[in-house]
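Hi,

Here is the structure I said I would pass on.

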Amino acid sequence: MDGQLRLREDQALVEERLAACFRDREPMADLYDAMEYSLLGGGKRIRPVLTLETCRMCGGSPEQALPFACAVEMIHTYSLIHDDLPCMDDDDLRRGKPTNHKVYGEATAVLAGDGLLTAAFETALEESAGLPPERVTAAAACLAQAAGARGMVGGQALDMAAQGRAVSRSEVEYLQKKKTGALLSAAAEMGCIVAGGSEEDRAAVRRYAQKLGLAFQVRDDMLDVEGDEATLGKPVGSDRANEKTTFVSLLGMDACRELVEKLTGEAVEALAPFGEAAGFLQWLARSLAERER
Ligand code: GRG
């Protein structure tokens, strides 16, 4: 199995479907342009790839999981648009391009995020015809729970509330589990649900995604210190400038490197019950541990 090749194939599948999502747009000022500006703006597509590949690993096909893969990417994109707004992180650059509100203005950026959040569920529910309805309901519920106040939005609220004060390691872990981990976990779990995986399969996939999600966040904190601005497409050092408590500020770089390795090993191990079928997702965990963007 060539991991890079499989990754490119999955990414191409997602790109093609996302590009077709808003083809039948109504003339609505800049709204659809703003939605597509960020949705088709060069993300790594990690979450949808997780959805496609856990579906494959659990005996389904990537095509079956595609509506849910697109849905999770739409929610991820909305979160980035809103996170960059002046009332949140106030960032000017994302993926090497001006942030959504810098191009379209704040009001349209808010609406573009809202439009993508809603389109996510429209896509998941309308385009999954042919799947057993109970799987569709379970996958949509999983996504809604992870995206909302009990997951990503709650994590963002905790993050905002933590700014400017000292935060312990367990607090940082808790809020990151919600802010970043919940959506990554749902992305992986939805593929398993779509494939009709067992409760044990779902638990193993969840464990993999939780470990991977935490490793992803620790690596993200490291890149904010040692990353290359051109590769990352955004300025480095913003956590420090904003006086944010991060894994790096709490543990230091060397301990973070070790932590990423440990968590990645645990993620790989979690998929051992799937045998050879887990090869790509294990490769993906290892390659994300070394990512430069
Ligand atoms: C505003 C509702 C709301 C939520 C915001 C996820 C989030 C919560 C904010 C994003 C800001 C951030 C840096 C979060 C950490 C998670 C993370 C590393 C996001 C970037 O994900 P990638 O690397 O992005 O998958 P690409 O650009 O590849 O899509």
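The second largest cavity in this predicted model has a volume of about 60 Å³. Its lining is made up of Leu 212, Ala 215, Phe 216, Arg 219, Val 260, Thr 264, Ala 267, Ala 285, Leu 288 and Ala 289. Sorted by class, that gives 8 nonpolar residues, 1 polar and 1 charged. Three helices put at least two residues each into this lining: α10 (199-226), α14 (253-270) and α15 (279-289). Of these, α10 has the largest share, with 4 residues.

So much for that one; here is the rest of the cavity list. The count comes to 3 cavities of 30 Å³ or more, and the largest cavity has a volume of about 120 Å³. What lines the largest cavity, and which residues lie nearest its centre? There are 13 lining residues, and Tyr 37, Ser 38, Arg 94, Arg 95 and Asn 100 are the ones nearest the centre. The elements giving two or more residues to this lining are α2 (31-39), α4 (62-83) and β2 (97-98), and α4 gives the most, with 3 residues. By class, the lining of the largest cavity divides into 4 nonpolar, 5 polar and 4 charged residues.

At least two lining residues come from each of α7 (133-147), α9 (169-194) and α10. The largest share is from α9, which supplies 8 residues. The lining of this pocket has 7 nonpolar, 5 polar and 5 charged residues.

- α7 with α9: the angle is about 175 degrees and the axes are 9 Å apart. The two helices are therefore roughly antiparallel to each other. On the α7 side the contact has Arg 135, Ala 138, Ala 139, Cys 142, Leu 143, Ala 146 and Ala 147, and these meet Ala 182, Leu 183, Ala 186, Glu 189, Met 190, Ile 193 and Val 194 in α9. The contact has 12 nonpolar residues, no polar ones and 2 charged.

- α9 with α10: the helices pack at about 140 degrees, with axes 8 Å apart. That angle makes α9 oblique to α10, and α9 passes α10 in a right-handed crossing. From α9 the contact takes Glu 173, Gln 176, Thr 180, Leu 184, Ser 185, Ala 188, Glu 189, Cys 192 and Ile 193, and from α10 it takes Asp 201, Arg 202, Val 205, Arg 206, Ala 209, Gln 210, Gly 213, Leu 214, Phe 216 and Gln 217. These divide into 8 nonpolar, 6 polar and 5 charged residues.

A few residues turn up in two places. Phe 216 lines the second largest cavity and is also part of the contact of α10 with α9.

How do α3 (46-57) and α4 cross? Their axes come within 7 Å, at roughly 155 degrees, which makes α3 roughly antiparallel to α4. The crossing is right-handed. In the contact, α3 brings Arg 47, Pro 48, Thr 51, Leu 52, Cys 55 and Arg 56, while α4 brings Pro 62, Gln 64, Ala 65, Leu 66, Phe 68, Ala 69, Val 72, Glu 73 and His 76. By class, that is 9 nonpolar, 3 polar and 3 charged residues.

Cheers

Conventions
Residues are numbered from 1 along each chain as its sequence is written. This is a predicted model: local features need pLDDT of at least 70, side-chain atom pairs count only at pLDDT 80 or more; totals for chains, interfaces and linings use all residues. Side-chain values use heavy atoms; hydrogens and water are left out. On a 1 Å grid over the protein atoms alone, a cavity is a set of points where a 1.4 Å probe fits but cannot get out, and a pocket is an open set with protein on both sides within 12 Å along at least five of seven lines; lining residues have an atom within 4 Å of a point. Grid points are joined across faces, edges and corners, and a volume is the space filled by probe spheres set on the points. Ala, Val, Leu, Ile, Met, Phe, Trp, Tyr, Cys and Pro count as nonpolar, Asp, Glu, Lys and Arg as charged, and the others, Gly among them, as polar. Axes are lines fitted to C-alpha atoms, for helices over the stretch in contact, and angles run from 0 to 180 degrees between N-to-C directions. Angles under 35 degrees count as roughly parallel, over 145 as roughly antiparallel, 65 to 115 as roughly perpendicular and the rest as oblique. A crossing is left-handed if the near helix is turned anticlockwise from the far one by less than a right angle, and right-handed if clockwise. Contact means heavy atoms within 4.5 Å.
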